Amino acid sequence: MSDTTETEQPQDHPKSAPENRATDGPLDESEANAVRPYVDLGGVKILPRQELHLRLEVEEASKRVVAVGLDYAGSTLQIQPFAAPRSSGLWHEIRQQIIDQVHTQGGTTKVSEGPFGPEVFAEIPVAGKPGEKRIARFVGVDGPRWFLRGVIAGEALNSVDAATKIEDLFRSIVVIRGNTPMPPRDLIPLHMPATGDKEAKA
C-alpha cells in the first residue's frame with residue numbers, strides 16, 4: 001500500500017531555469033518593464049516585433065484559448081503557461097511525459113542541454129503519411145509559481161541564426177501568474193488581446 005501511495009504522489013523536483021532567467025527571461029510579471037508595449041493575452045504578454053505573427057489556438061469543445069502560436073523568422077513557437085508550486089519545478093516531470101508520449105506514437109527523442117536547460121528533440125511520425133515525420137524541439141522553464149513550455153519547429157531546427165531569434169523571442173515572454181489559487185499543472189487562463197486584436201493575429 002505504501003508503494004502505491006508513493007507512486008501516486010508527484011515527486012518534488014528542483015526548478016529548471018537559466019541562472020539569469022530573472023533578468024534575461026522568460027520573465028515574471030514582477031520582473032518585466034511595465035512601460036514596454038506588450039500585447040496582453042492574459043497568462044502571457046508578448047513583446048511585438050517586426051514580422052512576428054500571433055495565433056491563438058482555441059479548443060473546439062470549450063472555446064477556450066489553450067495555447068499561443070508565434071510565427072517568426074521562418075519558425076514557429078507554441079507556448080503554454082501553467083501554474084506551478086512555489087518551491088519545486090514541473091519541467092522534469094513534464095519532460096518525461098513528452099518523451100513517453102512521443103515513444104507511444106512510434107517516434108524518437110533525444111534529451112540535450114540547451115540555453116534554457118534540458119530540452120527534448122523529437123521526431124514524431126505523421127499519422128496516415130508513412131515515412132513522414134514531424135520534428136519539434138520542446139523547451140521548458142520553471143519560474144516563480146509558474147512553468148512555461150515552448151515547442152519550436154521550422155527553420156530554428158536547422159539554422160543557428162533562426163534558433164537564436166526564436167530563443168530570444170521565448171526569453172522576451174512575460175508570464176502573468178496572478179494571485180488566484182490554482183492547482184499545479186493547470187493552464188493559466190489565456191484570452192484574446194483587449195485591443196489591437198487584428199494586428200496581433202495578422
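This is a predicted model: local features need pLDDT of at least 70, side-chain atom pairs count only at pLDDT 80 or more; totals for chains, interfaces and linings use all residues.
Does Glu93 count as buried, partly exposed or exposed, and at what relative accessibility? At 24% relative accessibility, Glu93 counts as partly exposed.

**Stop 1: the whole chain**

Begin with the entire chain displayed as a cartoon. Its secondary structure comprises five helices and eleven strands. The radius of gyration is 17 Å, close to the 17 Å that the globule rule gives for 202 residues, so the chain is as compact as a globular protein of that length. Taken along the principal axes, the C-alpha atoms fill a box of roughly 55 × 45 × 40 Å.

Of the 202 residues, 42% count as buried. Among contacts between residues at least 6 apart in sequence, 58% join residues at least 24 apart.

Colouring by charge brings up 23 positive and 29 negative side chains. The centres of these two sets lie 4 Å apart.

**Stop 2: Arg185 and Glu93**

Side chains of opposite charge can pair when their charged atoms come close. The salt bridges in this model number eleven. Select Arg185 and Glu93 for one of them: the closest N and O atoms of this pair are 3.1 Å apart. Arg185 is partly exposed, its relative accessible area being 32%.

Keep Arg185 selected and inspect its backbone. The phi angle of Arg185 is near 85°, a positive value in a residue other than glycine. Most residues other than glycine have a negative phi.

**Stop 3**

**Stop 3**

Select Lys133 and Glu123. They form a salt bridge in which the closest N and O atoms are 3.5 Å apart. Glu123 is partly exposed, with a relative accessible area of 25%.

Being four residues apart in helix α4 (residues 160-171), Asp161 and Lys165 are separated by about one helical turn. Lys165 is partly exposed, with a relative accessible area of 36%.

Then select Arg55, Glu57 and Asp71 together: salt bridges that share partners join these three residues into one network.

**Stop 4: Leu157**

Select Leu157, placed in the loop between β10 (146-154) and α4. At 21% relative accessibility, Leu157 counts as partly exposed. Which residues does Leu157 contact, leaving aside its neighbours within four places in sequence? They are Phe121, Ile135, Ala136, Arg137 and Ile152. To set a scale in the viewer, draw a distance from Leu157 to Thr104: these residues are 53 apart in sequence and 23 Å apart in space, C-alpha to C-alpha.

**Stop 5: two backbone features**

Most peptide bonds are trans. Select Gly25 and Pro26, where the connecting peptide bond is cis, with omega near 0°. Pro26 lies in the loop between α2 (21-24) and β1 (27-28).

Finally, select Glu51, in the loop between β3 (44-46) and β4 (53-58). What is the phi of Glu51? The angle is near 70°, a positive value in a residue other than glycine. Glu51 counts as exposed, at 60% relative accessibility.

Note on methods: Residues are numbered from 1 along each chain as its sequence is written. Side-chain values use heavy atoms; hydrogens and water are left out. Helices (H or I, at least four residues) and strands (E, at least two) are DSSP runs, numbered from the N terminus. The radius of gyration is taken over C-alpha atoms; the globule rule is 2.2 Å times the number of residues to the power 0.38. Buried means under 20% relative accessible area, exposed over 50%, partly exposed in between (1.4 Å probe, protein chains only). Contact means heavy atoms within 4.5 Å. Lys and Arg count as positive and Asp and Glu as negative; His and the chain ends are not counted. The place of a charge is taken as NZ of Lys, CZ of Arg, CG of Asp or CD of Glu. A salt bridge is a side-chain nitrogen of Lys or Arg within 4 Å of a carboxyl oxygen of Asp or Glu.
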